[in-house]
Amino acid sequence: MSLRSPPPILSVRPSRALVDEPFEVLVENLPPGGPVTVRSLHRSEDGDDWEAYGHYVSDHSGKVSVSEDLSFGGTFSGKQPMALLWSMRPVPGSRSGLRLRKLKVTTPMLVNISVYRGHNDFRDQTPLASAITERWYMAPGVHRVDIREEEVQGTLFIPPGPGPFPGVVDIWGGWGGLLEYRSALLASRGFASLTVEYLKPGELQTDLEFSSFEAAFNILKDHPKVLSDRVGVLGSSAGSIVTLYLAAESTAVQPRCVVCISNANCYPHESGLSGIQHLLAKKFDKIRLDENNHEIWRGIGLALLDDAPYKVDMGKIRSPVLLVNGLDDQNWPVLETADRMAQVVGAAGKAHLLYRLDYPNTGHQIEPPFSPHFRATNLAIDGTKDKAILLWGGETKAHSEAQEDSWKKILSFLRQHLYCSPKAKI
Amino acid sequence: MSLRSPPPILSVRPSRALVDEPFEVSVENLPPGGPVTVRSLHRSEDGDDWEAYGRYVSDHSGKVSVSEDLSFGGTFSGKQPMALLWSMRPVPGSRSGLRLRKLKVTTPMLVNISVYRGHNDFRDQTPLASAVTERWYMAPGVHRVDIRQEEVQGTLFIPPGPGPFPGVLDIWGGWGGLLEYRSALLASRGFASLTVEYLKPGELQTDLEFSSFEAAFNILKDHPKVLSDRVGVLGSSAGSIVTLYLAAESTAVQPRCVVCISNANCYPHESGLSGIQHLLAKKFDKIRLDENNHEIWRGIGLALLDDAPYKVDMGKIRSPVLLVNGRDDQNWPVLETADRMAQVVGAAGKAHLLYRLDYPNTGHQIEPPFSPHFRATNLAIDGTKDKAILLWGGETKAHSEAQEDSWKKILSFLRQHLYCSPKAKI
């Protein structure tokens with residue numbers, strides 16, 4: 001009887017994890033010093049296939065470690081432990097302008113990771129080995145509650161355990177519909193989180209007024225498992241307008257701290273975002289096209305910097321504010337907006353309340369860690385059947401690093417202000 | 001008595017390590033969400049100051065972790081745990097075309113790592129905290145022996161412990177003089193290693209013939225602490241010519257395996273490298289200048305690919321050969337050379353003996369991990385008092401990753417062939 005070498009094996013550790021946790025992909029029992037391709041494959045809820053891959057060379061004990069080794073090329077190169085996720089893009093032949101987002105958070109994102117021989121096209125090969133890994137937005141024990149009240153529609157996520165917990169109201173921006181994944185992840189990290197539905201998917205119109213968001217804040221605050229004096233707000237893009245309003249102008253609620261991702265500060269109507277699509281449409285002549293005919297909207301925002309009917313008066317903030325922006329945002333003038341707000345805050349003697357993170361080569365869509373970066377995606381334009389492709393910006397590697405770093409810093413900010421007791425004075 | 005916050009502290013772990021080991025730099029007790037600059041400073045043996053720095057933002061527990069956090073800019077950006085070493089460059093105002101190399105390996109490289117407030121110029125500030133870290137080429141217990149025989153001058157490094165050990169003959173290329181650091185590091189990693197002095201510093205002329213290198217190989221092989229049938233050769237640049245000769249053509253010695261970094265395969269004289277500077281000088285008309293007037297010598301090598309008086313016949317190799325090259329090598333046509341050798345090896349039915357690693361965006365000087373990358377350095381031209389600046393190539397981040405990855409793969413290759421027993425046959 002002859003002893004053959006054992007077949008190659010591929011392991012992903014941990015095989016089941018939260019989406020913001022790193023994994024280690026290890027291949028063993030390969031021929032020494034041989035070229036292989038490690039590839040990830042995922043079928044989205046929309047039925048599109050997404051993939052990433054890196055070209056590696058096994059060492060002379062026959063191992064490839066994606067965490068430790070260098071990729072010689074593929075959808076990423078260099079030492080990139082998590083690029084099998086963040087460098088994913090639709091497989092060749094897919095529709096264009098796609099975006100990868102999970103709407104159903106009660107099931108995991110399934111990713112198949114395989115290893116193929118060689119550095120050439122792997123698509124017609126059988127993999128040498130493969131493994132499936134689960135990526136979850138909801139940790140075990142997180143409780144999901146539908147909120148269907150008259151003023152507030154949304155979803156509440158409660159962390160596992162007896163509680164009580166601090167809370168975070170989660171407010172998205174344009175065109176998203178009801179997005180649950182960030183709130184689910186916040187709950188997995190210890191914060192009861194309520195995400196509010198106020199924009200229909202594919203639209204930028206709403207009748208919801210600021211008062212509805214105040215009502216949402218109170219639903220969270222008054223929940224038996226939530227610490228009523230430890231509730232903050234996280235808003236992104238158009239949602240940051242509401243967030244800043246609650247932080248500075250609201251007389252009904254007072255968030256303990258707020259975070260704005262890709263901030264904006266202009267609104268059309270004294271009591272809310274109603275009519276915001278008309279406000280933007282008035283400046284549609286400011287839209288520029290890039291070399292791929294993708295629409296750059298930041299000119300709209302620049303025109304509105306001074307021209308908007310209403311702006312949140314940042315001089316009136318009463319609690320710490322963290323602004324997270326990308327230096328390559330092509331959709332909104334986030335830095336100029338943040339600079340203006342910093343001036344106003346400083347003039348009011350409240351500079352100590354404002355924190356800023358401005359990430360280089362990072363675009364508008366700053367998502368949780370390891371989410372694939374997309375520079376431009378499809379969007380239906382309200383009232384027409386046309387689709388446009390909007391340019392969000394960002395260079396994939398730097399943008400992905402910003403997603404990782406900003407998430408850690410946002411959690412650290414929320415923990416500091418919503419979990420910790422004020423420092424004892426002796 | 002009032003309780004003030006503790007002062008910032010900076011730690012480097014481990015504080016004393018081998019040069020190929022990573023470290024973790026952490027800063028604690030900073031103001032939350034505040035900008036700081038972490039900077040490394042080193043005074044070379046030549047008396048030049050080298051530095052690197054990254055701009056960070058503390059999280060809301062007041063911490064910065066260089067291993068985990070993102071640098072917003074400086075001499076590097078992004079998440080780069082070891083860039084405080086590999087992105088070092090001479091401080092502003094230094095002489096140009098410098099190179100960082102340690103000649104005295106019995107003492108450590110001392111690096112001061114400090115943290116300063118803010119993201120602006122730190123040079124006139126007092127640091128908030130700092131620490132000195134030691135980087136060693138010689139592990140504790142490595143034994144250094146001067147070799148001063150008639151035919152062979154050099155240094156032998158023996159690993160700690162009773163032995164016996166496999167051996168590696170270490171052969172450098174042009175202009176280096178006697179370089180000990182790679183051999184010292186190999187000994188620290190378990191290989192008795194002899195580095196041979198055959199080129200005077202700053203020169204590319206030698207009288208040493210291949211027979212002297214065969215004598216050096218035998219000195220190593222016959223040493224009481226060396227396993228005589230487990231001796232390999234590592235050569236770089238011009239030294240790879242000798243390495244390949246020993247692997248293929250030598251009748252006096254037979255290395256168990258060889259490694260060539262930035263390979264070359266042409267020699268002027270039947271019995272050695274004597275006269276190599278004249279061989280190169282004949283093709284000096286092939287030198288091109290880049291936009292900085294730095295000299296690109298790869299044209300010389302291209303002309304010699306077919307034109308050289310002698311070439312090692314790679315069809316005669318008798319043991320595994322690992323070729324490590326940079327795809328952006330501007331000094332020598334290493335890929336074309338490797339391609340030619342692969343053809344000859346394949347035609348001789350020995351393709352299974354040849355392993356190749358071709359690193360993208362990597363230049364000629366592939367050094368041990370974390371050595372600063374330099375795209376171009378000064379060189380005195382033989383026989384003249386002129387200095388030229390030679391372009392080696394490579395993009396700093398990719399080149400640094402290649403240095404890390406190639407070292408691990410070289411050690412793995414050497415271990416596999418010099419440490420492991422042949423697989424048992426059942």
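A salt bridge, as counted here, is a side-chain nitrogen of Lys or Arg within 4 Å of a carboxyl oxygen of Asp or Glu. Keep that rule in mind for the views below. This is a predicted model, in which local features need pLDDT of at least 70, side-chain atom pairs count only at pLDDT 80 or more, and totals for chains, interfaces and linings use all residues. Residues are numbered from 1 along each chain as its sequence is written, chains are lettered from A and ligands numbered from 1 in the order in which they are written, and side-chain values use heavy atoms, with hydrogens and water left out.

**View 1. Chain A is divided into two parts, domain 1 (9–136) and domain 2 (143–418).** These bounds come from an automatic or database domain assignment. Taken over C-alpha atoms, the centres of the two domains of chain A are 31 Å apart.

**View 2. Here domain 1 of chain A meets domain 2 of chain A, with 22 residues of domain 1 in contact with 27 residues of domain 2.** Contact means heavy atoms within 4.5 Å. Between these domains about 2,000 Å² is buried, and carbon and sulfur atoms give 63% of that area. Buried area is the accessible area (1.4 Å probe) that two parts lose on being put together, summed over both. How many salt bridges are there between domain 1 and domain 2 of chain A? There are three. Look for A:Glu367 and A:Arg101, whose side chains meet in a salt bridge at 3.1 Å, N to O. On the side of domain 1 of chain A that touches domain 2, 12 residues are nonpolar, four polar and six charged. In this sorting, Ala, Val, Leu, Ile, Met, Phe, Trp, Tyr, Cys and Pro count as nonpolar, Asp, Glu, Lys and Arg as charged, and the others, Gly among them, as polar.

**View 3. Three strands of chain A form an open sheet in the order β1-β3-β6, with antiparallel pairing.** Strands (E, at least two residues) and helices (H or I, at least four) are DSSP runs, numbered from the N terminus. Two strands pair if DSSP finds at least two bridges between them. At the edges stand β1 (9–13) and β6 (64–65) of chain A, each with a single partner strand, so one side of each has no neighbour in the sheet. Five bridges join β1(A) to β3 (residues 24–28) of chain A in the antiparallel sense.

View 4. Which residue is the bridge partner of B:Arg13 in β3(B)? That partner is B:Glu24.

**View 5. Now the two chains come together, with 34 residues of chain B in contact with 33 residues of chain A.** The area buried between chain B and chain A is about 2,800 Å², and carbon and sulfur atoms give 56% of it. Four salt bridges cross this interface. One to spot links A:Lys408 with B:Glu68, where the closest N and O atoms are 3.9 Å apart. On the side of chain B that touches chain A, β19 (354–359) and α8 (396–418) of chain B each supply at least two residues. The most comes from α8(B), with 11 residues. By class, this side of chain B has 13 nonpolar, nine polar and 12 charged residues.
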